[in-house]
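Please open the model in a viewer and keep the sequence panel at hand.

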Amino acid sequence: MSFTPFELEAWQSRYEHSVAHNLADSGCHPVGLGELLAHDPDAIGRLLAVDLNYPPVGGTDALRALIADWHTAAADNVLVTVGAAEANALTVASLVGPGDHVVVMEPGYRQVRGCALNAGADVDAFPLAPAHQWRPDLDALDRLVRPGTKLIAVTNPNNPVGTILTEPEIDAIIAAADRVGAWILADEVYRGTELRTDRITPTFWGRYDKTVCVGSLSKAFGLPGLRLGWLVAPPALVDATWRRHEYATISAGTLSMHLAETALTPATRDRLLTRNRTLVRDGWARLQIWVDDHKGLLSIIPPHATALAFVQYHLPRPSLEVADALRVHGSVLVGAGTQFGVEHHLRITHGLEAGYLDAALSSISRVLTRLA
């Protein structure tokens with residue numbers, strides 16, 4: 001069987017540590033360990049007392065309860081994984097096999113698409129339509145879903161365009177799945193990064209019995225280095241993914257679980273969300289001004305969430321060529337639109353420190369002006 005590589009992650013793996021400015025990552029400026037523990041005078045002592053033994057394979061009871069609270073679920077619905085990447089991969093491995101049909105949202109983070117293709121599935125994409133401000137084409141979804149459809153995968157809020165699904169859109173996606181008995185995989189790692197409201201994006205959990213929700217500490221919480229994620233699913237599917245988890249990683253790390261318990265304690269959780277929303281909103285304001293200063297060359301449909309901007313450039317060049325020119329001549333790494341299923345766009349992360357972001361955008365401007 002042929003293998004579909006993960007083009008975006010391969011691109012980042014090759015180049016993210018060899019550029020002056022990395023705007024290809026998809027989260028905020030990371031939280032420092034001291035910042036995470038600063039408000040608890042006993043936190044360092046507890047950290048130093050942790051035994052570096054194997055942790056509970058599926059996550060500590062305390063951590064699973066905190067994750068369940070974030071999704072309004074029960075602890076028995078939670079499996080702790082090594083990042084959301086493992087959670088997505090385990091879900092596809094548990095549900096999808098050769099000849100199955102999978103429908104994915106695009107533009108999108110193409111991990112589920114690649115995992116399904118590598119499992120031998122037939123994969124179709126339903127679009128978020130730029131002509132309608134990146135709203136989902138629900139008629140297209142209805143046309144694609146068929147009796148053999150095993151899984152519908154969405155990202156809410158969306159990576160890379162920042163769309164937050166409305167309640168009627170969520171209901172329509174669930175209705176399409178229910179019509180054929182398909183599962184829904186809802187990647188919810190960007191819940192908490194809302195740009196225009198402090199209301200957390202509603203979870204898919206609890207709306208439909210064949211639902212898997214995926215989350216992590218990497219995006220809204222600013223803790224990507226912990227590599228701590230999870231899935232929320234019915235107990236039978238938690239068990240099925242757990243058995244595959246034991247093959248893949250056995251468990252996340254002891255220190256990651258310990259620090260995750262700190263991060264997801266309600267008071268700390270709210271502090272981290274406020275911190276990262278400030279970075280997201282300040283970064284978006286700076287990036288929007290930058291795009292407006294390049295009218296005719298750049299344009300964007302404003303996102304509703306995430307630290308990401310999916311910027312359209314108006315040049316007759318493919319996106320990977322433009323992204324490579326930015327890397328080589330500007331020492332800036334961004335995501336190429338083709339890596340998300342859409343051409344003539346660049347994914348640019350903006351939830352970063354102001355000086356770092358401004359310097360990177362200035363480099364991008366110099367290179368794009370040369371290409372124009």
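Is E167 buried, partly exposed or exposed? E167 is partly exposed, with a relative accessible area of 32%; buried means under 20% relative accessible area, exposed over 50%, and partly exposed in between, with a 1.4 Å probe and protein chains only.

Two conventions apply throughout. This is a predicted model, in which local features need pLDDT of at least 70, side-chain atom pairs count only at pLDDT 80 or more, and totals for chains, interfaces and linings use all residues. Residues are numbered from 1 along each chain as its sequence is written, and side-chain values use heavy atoms, with hydrogens and water left out.

**Stop 1: salt bridges**

R207 counts as partly exposed, at 31% relative accessibility.

Next, select R275 and E35, whose side chains meet in a salt bridge at 3.1 Å, N to O. This pair links distant parts of the chain, with R275 in helix α11 (residues 266-292) and E35 in helix α2 (residues 33-37), 240 residues apart. R275 counts as buried at 17% relative accessibility, whereas E35 counts as partly exposed at 34%.

Then display R269 and D270, where the closest N and O atoms of the salt bridge are 3.9 Å apart. R269 is buried at 13% relative accessibility, and D270 is partly exposed at 42%.

**Stop 2: E194**

Move to the loop between β7 (183-187) and β8 (211-216) and select E194. E194 is buried, with a relative accessible area of 0%. The side chain of E194 reaches the backbone nitrogen of G192 at 3.0 Å. Show also D198, R277 and R281, which are linked with E194 in a network of salt bridges. Beyond four places in sequence, the contacts of E194 (heavy atoms within 4.5 Å) include I164, R199, I200, T201, H304 and A305.

**Stop 3: the nonpolar cores**

Select I152, F204, L217, F221, L223, L228 and W230, the residues that touch the most other members of the largest nonpolar core, which has 57 residues. Such a core is a set of buried Ala, Val, Leu, Ile, Met, Phe, Trp, Tyr and Cys residues joined through side-chain atoms within 4.5 Å. Helix α8 (residues 167-180) supplies the largest share of this core, six residues. Another core, of 38 residues, lies apart from it, with V19, C28, A309 and A360 among its members.

Return to L217 and display its neighbours: among the residues it touches, not counting those up to four places away in sequence, are L226, W230, A260, A263 and L264.

**Stop 4: helix α1**

Finally, select helix α1 (residues 7-15), in which L8, W11 and Q12 are buried. Viewed down the axis, the buried residues of α1 fall within an arc of 95 degrees, so they line one face of the helix; the arc is that of the directions from the helix axis to the C-beta atoms. The exposed residues S13 and R14 are on the face of α1 turned away from its buried side. To see what covers the buried residues of α1, show elements including α12 (319-330), β12 (332-333), β13 (335-336) and β14 (345-349).

Technical notes. Helices (H or I, at least four residues) and strands (E, at least two) are DSSP runs, numbered from the N terminus. A polar contact is a pair of N or O atoms within 3.5 Å; within protein, one must be able to donate a hydrogen and the other to accept it, and residues adjacent in sequence count only if both atoms are side-chain atoms. A salt bridge is a side-chain nitrogen of Lys or Arg within 4 Å of a carboxyl oxygen of Asp or Glu.
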